[in-house]
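Reader: I would like to go through the terms used for this model and ask what stands behind each one.

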Amino acid sequence: NAETIGDIQFIIIEPKYKINSIISNKLSYQHEHQTIIVGARNTPEEGSEKEPIMSFSLRRQDGKVNLTLLLKEMVTLLPGLAAGGHRQASGARCFAKDYAKFKELFVKLRTKYTE
């Protein structure tokens, strides 16, 4: 499941193992002037009362977008979002039900943190 909005690629996977950072790294070197966001849907174990979450691996090799500052602001706007990292490589986690809001906020704020 992939979607491109401007220079942002949103790629959603449902892996058995945690591989979203490996995928985002490989893609970011092939598309260094694009922001790559690989999200993994993690479903809780059967019988668990935990809510499904999504973990994201974000990459922007040319450093044109400051992922750290962008995510820092998003954390204040989206309850339950946890994020951190570096300008060119960051990670985030939110409830799966909030993915549409995560994507909307990222697209909206991206220009504010683009050089």
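**Terms and their grounds**

Author: To begin with the surface, the protein exposes about 6,700 Å², and 52% of that area is supplied by carbon and sulfur atoms. The model is a predicted one.

Reader: What makes the protein as compact as a globular protein of its length?

Author: Three helices and six strands make up its elements. The radius of gyration is 13 Å, and the globule rule gives 13 Å for 115 residues, so the protein counts as compact as a globular protein of that length. Along the principal axes, the C-alpha atoms fill a box of roughly 45 × 30 × 20 Å.

Reader: In what order do the elements run from the N terminus on?

Author: The order is β-β-α-β-β-α-β-β-α. Of the contacts between residues at least 6 apart in sequence, 60% join residues at least 24 apart.

Reader: Why is Ile22 called partly exposed?

Author: Ile22 has a relative accessible area of 48%. Buried means under 20% and exposed means over 50%, with partly exposed in between, so Ile22 is partly exposed. Its place is in helix α1, residues 20-30. Buried residues make up 40% of the 115 residues in the protein.

Conventions. Residues are numbered from 1 along each chain as its sequence is written. This is a predicted model: local features need pLDDT of at least 70, side-chain atom pairs count only at pLDDT 80 or more; totals for chains, interfaces and linings use all residues. Side-chain values use heavy atoms; hydrogens and water are left out. Helices (H or I, at least four residues) and strands (E, at least two) are DSSP runs, numbered from the N terminus. Buried means under 20% relative accessible area, exposed over 50%, partly exposed in between (1.4 Å probe, protein chains only). The radius of gyration is taken over C-alpha atoms; the globule rule is 2.2 Å times the number of residues to the power 0.38. Contact means heavy atoms within 4.5 Å. Accessible areas come from the Shrake-Rupley method with a 1.4 Å probe; for residues, only the protein chains shown count as cover.
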